[in-house]
Amino acid sequence: MRTDPADAEAIEASLEIAAERGGDLTPVVYGRLFERQPEMQALFWRDNNHSIKGEMLMRVFEAILDFIRARQFADHLIQTEVVTHAGYDVPPDVFATFFGLVAEVVEESCGEAWTPAMASAWRRTLVDLDHFVTHPDSSRRLSAPQRLAWFATSAA
């Protein structure tokens, strides 16, 4: 099921504002990731100039933008990256964590421009992404309200 167009617009607007106000969000996003998932920092031992982290975050933004609109590649990219990263000992739930971290940093970067519509759109999209990452086969069969209900019961 596709993202509601109003949600897609709210997420796009939040990303534009965050880019204008926050500049390069890479250090903040990865700083937060390493605070919450310290075991992930060791995987970036070769990234001395932060270019790998920057490229990965750019691809996350591209995937989010495609996921909320056309879904020409995001669903397949996410599935592939979950498998690829498992080879680096990155568990699938870290992907859901990472998308949530991105949303947090975007919200903080937006500051007072962050709206309830943005918060709701990100919440619904994160539920959709989380379910898609952790249950890729069943996510194609569940409607958005069913995914929200599943997430609410599994988080309890």
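Select H1 and H5 to begin: these two helices make a left-handed crossing, meaning that the near helix is turned anticlockwise from the far one by less than a right angle, whereas clockwise would be right-handed. The model is predicted, with pLDDT of at least 70 needed for local features and 80 or more for side-chain atom pairs, while totals for chains, interfaces and linings use all residues. Numbering starts from 1 along each chain as its sequence is written, and side-chain values use heavy atoms, without hydrogens and water.

**H1 against H5**

H1 covers residues 5–22, and its axis lies 8 Å from that of H5 at an angle of about 65 degrees. Axes are lines fitted to C-alpha atoms, for helices over the stretch in contact, and angles run from 0 to 180 degrees between N-to-C directions. Helices are DSSP runs (H or I, at least four residues) numbered from the N terminus. On the H1 side, display Ser14, Leu15, Ile17, Ala18, Arg21 and Gly22, which meet Val106, Ser109 and Cys110 of H5; contact means heavy atoms within 4.5 Å.

**H4 against H5**

Next, select H4 together with H5. Ile78, Glu81, Val82 and His85 of H4 touch Pro92, Phe95 and Phe99 of H5.

**H3 against H4**

Move to H3, which packs on H4 with the axes 9 Å apart at about 140 degrees; that angle makes H3 oblique to H4. Show Met56, Ala63, Asp66 and Phe67 in H3 and Ala74, Leu77, Ile78 and His85 in H4, the residues that make this contact.

**The largest pocket**

Finally, centre the view on Tyr30, Phe44, Met56, Glu81 and His85, which lie nearest the centre of the largest pocket among its 25 lining residues. A pocket is an open set of points on a 1 Å grid over the protein atoms alone, where a 1.4 Å probe fits, with protein on both sides within 12 Å along at least five of seven lines; lining residues have an atom within 4 Å of a point. The space in this pocket is about 760 Å³, a volume filled by probe spheres set on the points.

Colour H2 (26–36), H3 (51–68), H4 (74–86) and H5 (92–110), each of which supplies at least two lining residues. H3 gives the largest share, six residues. By class, the lining has 18 nonpolar, two polar and five charged residues.

Notes. Ala, Val, Leu, Ile, Met, Phe, Trp, Tyr, Cys and Pro count as nonpolar, Asp, Glu, Lys and Arg as charged, and the others, Gly among them, as polar. Angles under 35 degrees count as roughly parallel, over 145 as roughly antiparallel, 65 to 115 as roughly perpendicular and the rest as oblique.
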